[in-house]
Amino acid sequence: MAKTILTVDDSASIRQMVSFTLKEAGYSVTEAVDGQDGLDKARASRFDLVFTDQNMPRMDGVTLIKQLRALPNYRSVPILMLTTESGDAMKSQGRAAGATGWLVKPFDPKKLLEVVRKVIG
């Protein structure tokens, strides 16, 4: 059975590029339009990996990570930030919230898949 990945980003084009890259590699992908939508979908289903942007309406990525880490099913699920934010302070906030890793947009599809394979196989 394919590993399932939740991708959370308010940019439709980024969601499409991430989904296409992951689906081509054989993963099952669910898209969410912002942090609140992502949290709702994570509560409804179990995912093997979560990608989240930082800057989104309704709920930002760091808040989403904190909310996910509070759920028993997501205490050990890898959560990767995929964002334009690359500052050390923001990365520290992400790590403190429970982010597993950090990728900066625009992303290289090969690098994205390399990281996914490293964290979930």
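Me: Which residue does the UniProt annotation "modified residue: 4-aspartylphosphate" cover?

Reply: UniProt annotations may be inferred rather than shown by experiment, and their positions are given in the numbering used here. In this case the annotation, from an unreviewed entry, covers Asp53. The model is predicted: local features need pLDDT of at least 70, side-chain atom pairs count only at pLDDT 80 or more, and totals for chains, interfaces and linings use all residues. Residues are numbered from 1 along each chain as its sequence is written, and side-chain values use heavy atoms, with hydrogens and water left out.

Me: Where is aspartate 53 found?

Reply: Helices (H or I, at least four residues) and strands (E, at least two) are DSSP runs, numbered from the N terminus. Aspartate 53 is found in the loop between strand S3 (49–52) and helix H3 (61–69).

Me: Is aspartate 53 buried or exposed?

Reply: Buried means under 20% relative accessible area, exposed over 50%, and partly exposed in between (1.4 Å probe, protein chains only). Aspartate 53 has a relative accessible area of 4%, so it is buried.

Me: Which residues does aspartate 53 touch?

Reply: A contact means heavy atoms within 4.5 Å. Leaving aside residues up to four places away in sequence, aspartate 53 touches Val8, Asp9, Asp10, Gly61, Met81, Leu82, Thr83 and Lys105.

Me: How many bridges join strand S4 to strand S5?

Reply: Two strands pair if DSSP finds at least two bridges between them. Here S4 (residues 79–83) and S5 (residues 101–104) run parallel and are joined by four bridges. Leucine 82 stands opposite leucine 103 in S5.
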